[in-house]
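Please look over the model below before reading on.

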Amino acid sequence: MRLRVNPIACTGHGQCAELLPERVTMDEWGYPLISAEPVPAGLEGLARRAVADCPKLALLADSEEKGSEEKGSEEKGSEETQRSRRAGH
Ligand code: SF4
């Protein structure tokens, strides 16, 4: 799991940094800086809570397995497109 923030929706409440200081710090204006490092399994519960508790729904969690599945299906689709192009000349 990796965290990211929607900078347009975020209003800088700072709740996320309080819940998960291991992955979220605040910049000088009070907006969150999210670590690019994946959230370790031991912190996933807190990370999910930070996502759920964000008052602006601006904190998002990306599941890494889901991302690789989507990428795989995109690649498959692209192969099929190339095959049908070759077949049709
Ligand atoms: S809790 Fe939500 S709105 Fe507040 S700083 Fe974090 S991401 Fe932004």
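In which strand does Thr25 lie? Thr25 belongs to β2, which covers residues 24–26. Strands here are DSSP runs of E with at least two residues, helices are runs of H or I with at least four, and both are numbered from the N terminus.

This is a predicted model; local features need pLDDT of at least 70, side-chain atom pairs count only at pLDDT 80 or more, and totals for chains, interfaces and linings use all residues. Residues are numbered from 1 along each chain as its sequence is written.

**Overall layout**

The protein has three helices and four strands. From the N terminus, the order of elements is β-α-β-β-α-β-α. Buried residues account for 16% of the 89 residues. Buried means 20 or more other C-beta atoms within 10 Å of the residue's own, exposed means 12 or fewer, and partly exposed lies in between, with C-beta atoms placed from the backbone. Of the contacts between residues at least 6 apart in sequence, 59% join residues at least 24 apart. A contact requires C-beta atoms, placed from the backbone, within 7 Å.

**Thr25**

Thr25 is partly exposed because 13 other C-beta atoms lie within 10 Å. Leaving aside neighbours within four places in sequence, Thr25 is in contact with Ala17 and Leu33.

**The core**

The largest nonpolar core has twelve residues, among them Leu3, Leu20, Val39, Ala47 and Cys54. Such a core is a set of buried Ala, Val, Leu, Ile, Met, Phe, Trp, Tyr and Cys residues joined through C-beta atoms within 7 Å. Helices α1 (15–19) and α2 (44–53) each supply at least two residues of this core. The most come from α1, with three residues. In soluble globular proteins, nonpolar side chains tend to be buried together.

Ala47 sits in helix α2. Ala47 counts as buried because it has 23 C-beta neighbours inside 10 Å. Beyond neighbours within four places in sequence, its contacts include Met1, Leu3 and Val39. Leu20 touches Leu43, Leu46, Ala47 and Ala50, again leaving aside neighbours within four places.

Lys56 is in the loop between α2 and β4 (59–62). Lys56 is partly exposed because it has 14 other C-beta atoms within 10 Å. Not counting residues up to four places away in sequence, Lys56 touches Ala9, Cys10 and Thr11.

Leu57 is in the loop between α2 and β4 too. Is Leu57 buried or exposed? Leu57 is exposed, since 11 other C-beta atoms lie within 10 Å. Its phi is near 55°, a positive value in a residue other than glycine. Most residues other than glycine have a negative phi.

| Pair | Sequence separation | C-alpha separation |
|---|---|---|
| Lys56 and Ala9 | 47 residues | 6.1 Å |
| Ala47 and Leu20 | 27 residues | 6.6 Å |
| Thr25 and Ser35 | ten residues | 8.2 Å |

**The ligand**

14 residues surround the ligand, and the closest are Cys10, His13, Gln15, Cys16 and Cys54.

**Confidence**

The mean pLDDT is 82, and 72% of residues reach 70 or more. Over residues 66–85 the pLDDT is below 50, and beyond near neighbours in sequence this stretch has one contact in the model. The score is the predictor's confidence in each residue, from 0 to 100. Where pLDDT is low, the predicted coordinates should not be read in detail.

How values were computed. Near = placed C-beta within 6 Å. Contact = placed C-beta atoms within 7 Å.
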